[in-house]
Amino acid sequence: MPHSTMLQHCNATPPRRHPKVLVILGATGAGKSKLSVDMASTFFPNSEIINSDKIQLYRGLDITTNKMTLSQQLGVTHHLLGQLDPVNSVSPSEFRSLGSAIIADIFARRRLPIIVGGSNSLIYALLVKRFDPDCDVFNGSKPDPVSSELRYNCCFIWVDVFLPVLNEYLNKRVDSMLNSGMLDELDEFFASPEFDSVSETGLKKAIGVPEFKKYLTNDCTNFEEDLYEEAVRNVKENTCQLAKRQMGKIQRLREGKWDLRRIDATAAFKAAMGLDGEKAARIWERQVVETSVKIVNRFLKD
Ligand code: ATP
């Protein structure tokens, strides 16, 4: 190397590297929240979670929207999880500003941000270098191109479950949400004095709200059982549709050259539905958590 070039190399300030962010994607029910808490609580205690599920941003309907309970959060700090007022709804641009301010604060405290949630439009808005709110990269007959220029150094983990297996699980999850008090929660929501002021484009779009409206706000008592059965059927169907749409959006990001590392959690789900809890936990640990931890360790070392 010529002497002058060597000097230039020695004096040059190292290029500023983008801050590191871990992103966990996946369809509803695939286990993103559990994986993030498992990793943060045991392997990466220096991290904090930022929710990117557009409905879980708001206060209220904790069962209906499947928020992690405080005990399930295992002491890991969560941001934007049920903290926003449902009177307003948050646009992707607003999420971009809220999320980036939180990421900057987490960096300033030398900790690792983990973005977790199923709303790919919010994840996209937060992460791309230049975000244009008028572009839609996911919907329509001719969506805009996906940008692969990101403003953080991201490690993407995509928790995937074979769709028919996930659908079976989602149907069971709806039943267990109903057993845990989803109907009472929705009943209180419709009857609350706050209801009218809640934004039509935020919390009121949660799966369960439109589906149970007729049953819970209906005056006549005829056909109540039919209305209930129909609402449950629609909640199950719409949840499975949501999962399928979310998978399509993840594929779109992959085609747009986002470097997503796919982790297959199907075997753990099959074992859990075969009612073998111990086997399911073992497979989850080995195939999902350990593989993810290896990927993240490599990313943090680079
Ligand atoms: P789009 O841009 O098409 O709205 P998105 O990727 O921004 O999609 P999704 O997370 O796919 O957002 O949510 C789309 C819809 O799915 C929501 O408007 C809501 O009806 C439903 N949904 C999403 N997350 C939840 C949740 N946690 N609880 C209940 N319903 C949800």
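The model is predicted, and its mean pLDDT is 93. The secondary structure comprises 10 helices and 6 strands. With a radius of gyration of 21 Å, close to the 19 Å that the globule rule gives for 302 residues, the protein is as compact as a globular protein of that length.

**Overall form and surface**

- The C-alpha trace of the protein spans about 90 × 45 × 40 Å along its principal axes.
- Of the 302 residues, 46% count as buried.
- Among contacts with a separation of 6 or more, 77% are accounted for by residues 24 or more positions apart.
- The protein has an accessible surface of about 16,200 Å², and carbon and sulfur atoms contribute 50% of that area.
- There are 39 positive and 38 negative side chains, and the centres of these two sets lie 11 Å apart.

**Confidence in the model**

- A pLDDT of 70 or more is reached by 93% of the residues.
- Over residues 1-10, pLDDT stays under 50. For this stretch the model has 2 contacts beyond four places in sequence.

**Helices α9 and α10: Ala271 and Trp284**

- Ala271 belongs to helix α9, which covers residues 266-273, whereas Trp284 belongs to helix α10, which covers residues 277-301.
- Ala271 has a relative accessible area of 9%; this value is under 20%, so Ala271 counts as buried.
- Trp284 is also buried, with a relative accessible area of 7%.
- Trp284 and Ala271 are 13 residues apart along the chain, and their C-alpha atoms are separated by 9.6 Å.
- Ile283 lies 12 residues from Ala271 in sequence, with a C-alpha to C-alpha distance of 8.2 Å.
- Leaving aside residues up to four places away in sequence, Ala271 touches Asp276, Lys279, Ala280 and Ile283.

**Strand β4: Val116**

- Val116 is found in strand β4, formed by residues 112-116.
- The relative accessible area of Val116 is 6%, and this residue is buried.
- Not counting residues up to four places away in sequence, Val116 touches Ile24, Lys32, Ser33, Ser36, Ile49, Ile50, Asn51, Ser52 and Asp53.
- Val116 and Asn179 are 63 residues apart in sequence, and their C-alpha atoms are 26 Å apart in space.

**Two loop residues with positive phi: Leu61 and Lys257**

- Leu61 is a residue other than glycine with a positive phi, near 50 degrees. Its place is in the loop between β2 (47-51) and β3 (78-79).
- Lys257, likewise not a glycine, has a positive phi near 75 degrees. Lys257 lies in the loop between α8 (224-255) and β6 (260-264).
- Leu61 is buried, with a relative accessible area of 5%.
- Lys257 has a relative accessibility of 68%; this value is over 50%, so Lys257 counts as exposed.

Key: Residues numbered from 1 in each chain as written. Predicted model: local features only at pLDDT ≥ 70, side-chain atom pairs only at ≥ 80, totals over all residues. Heavy atoms only, no water. Helix = DSSP H or I, 4+ residues; strand = E, 2+ residues; numbered from the N terminus. Rg over C-alpha atoms; globule rule 2.2 N^0.38 Å. Buried < 20%, exposed > 50% of the residue type's maximum accessible area, 1.4 Å probe, protein only. Contact = heavy atoms within 4.5 Å. Areas by Shrake-Rupley, 256 points an atom, 1.4 Å probe, with all protein chains shown as cover. Lys, Arg positive; Asp, Glu negative; His and termini not counted. Charge placed at Lys NZ, Arg CZ, Asp CG, Glu CD. pLDDT = per-residue confidence, 0-100.
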